[in-house]
Amino acid sequence: MNKSENSGKKENLSKKEVEKRKQQKQREKQEKREERQANSKKGKSLEEMMAYIDEDGNITSTPPDPNRKKEVNLEDIQIGVARQQDEEPASLIRNGVVTFFNESKGYGFIKDQKTQESIFVHVNGLLDRVRENSRVTFEVEMGHKGPNAVRVKLSK
């Protein structure tokens, strides 16, 4: 045997191996397909596929009990969010204490005495000069990142 014949046999072996692997993959694919078809949910009745929602809003496979049925007037159903009523201008003015203020950077925080929430304040929203622990009155406006204190004045 010369070198060229020997290399030809190696190619044939690799071609045979490739063909065997290809057939093995096809068999595995066919077995998976048959398994999926055997376990598929096709052919179930409508009742078996039906899902219900109970009185608490949970999905269940049992139909609702007609004895627990509640009558609802169409007028009682409210779609959307109720309109907020504008507050009186006097109630928009809040009281608070400056908990932090950095004069070099020009911002700080005010703790609202009524709600105990911390509200951001920028130097542009100040009417009077403030320091930490200053008692102030202010109004709140929504900014890009949340509520901002504006028209901040020292309390008398």
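Helices (H or I, at least four residues) are DSSP runs, numbered from the N terminus. The model is predicted: local features need pLDDT of at least 70, side-chain atom pairs count only at pLDDT 80 or more, and totals for chains, interfaces and linings use all residues. Residues are numbered from 1 along each chain as its sequence is written, and side-chain values use heavy atoms, without hydrogens and water.

**Exercise 1.** State in which helix Glu 34 is placed, and whether Glu 34 is buried, partly exposed or exposed.

*Solution.* Step one: Glu 34 lies in helix H1, which covers residues 3–39. Step two: buried means under 20% relative accessible area, exposed over 50%, and partly exposed in between (1.4 Å probe, protein chains only). Step three: Glu 34 has 43% relative accessibility and is therefore partly exposed.

**Exercise 2.** Classify the ring pair of Phe 100 and Tyr 107, then that of Phe 100 and Phe 109.

*Solution.* Step one: rings of Phe, Tyr and Trp (its six-membered ring) pair if their centres lie within 6.5 Å; planes under 30 degrees apart count as stacked, over 60 as edge-to-face and the rest as tilted. Step two: the whole structure holds 5 aromatic pairs. One of them joins Phe 100 and Tyr 107, with 6.0 Å centre to centre and 55 degrees between the planes, a tilted pair. Step three: Phe 100 and Phe 109 have ring centres 6.5 Å apart and planes at 35 degrees, so this pair is tilted.

**Exercise 3.** Which residues do ring pairs link into a cluster?

*Solution.* The cluster consists of Phe 100, Tyr 107, Phe 109 and Phe 120. Phe 100 is partly exposed at 32%, Tyr 107 is partly exposed at 27%, and Phe 109 is partly exposed at 29%.

Key: Helices (H or I, at least four residues) and strands (E, at least two) are DSSP runs, numbered from the N terminus.
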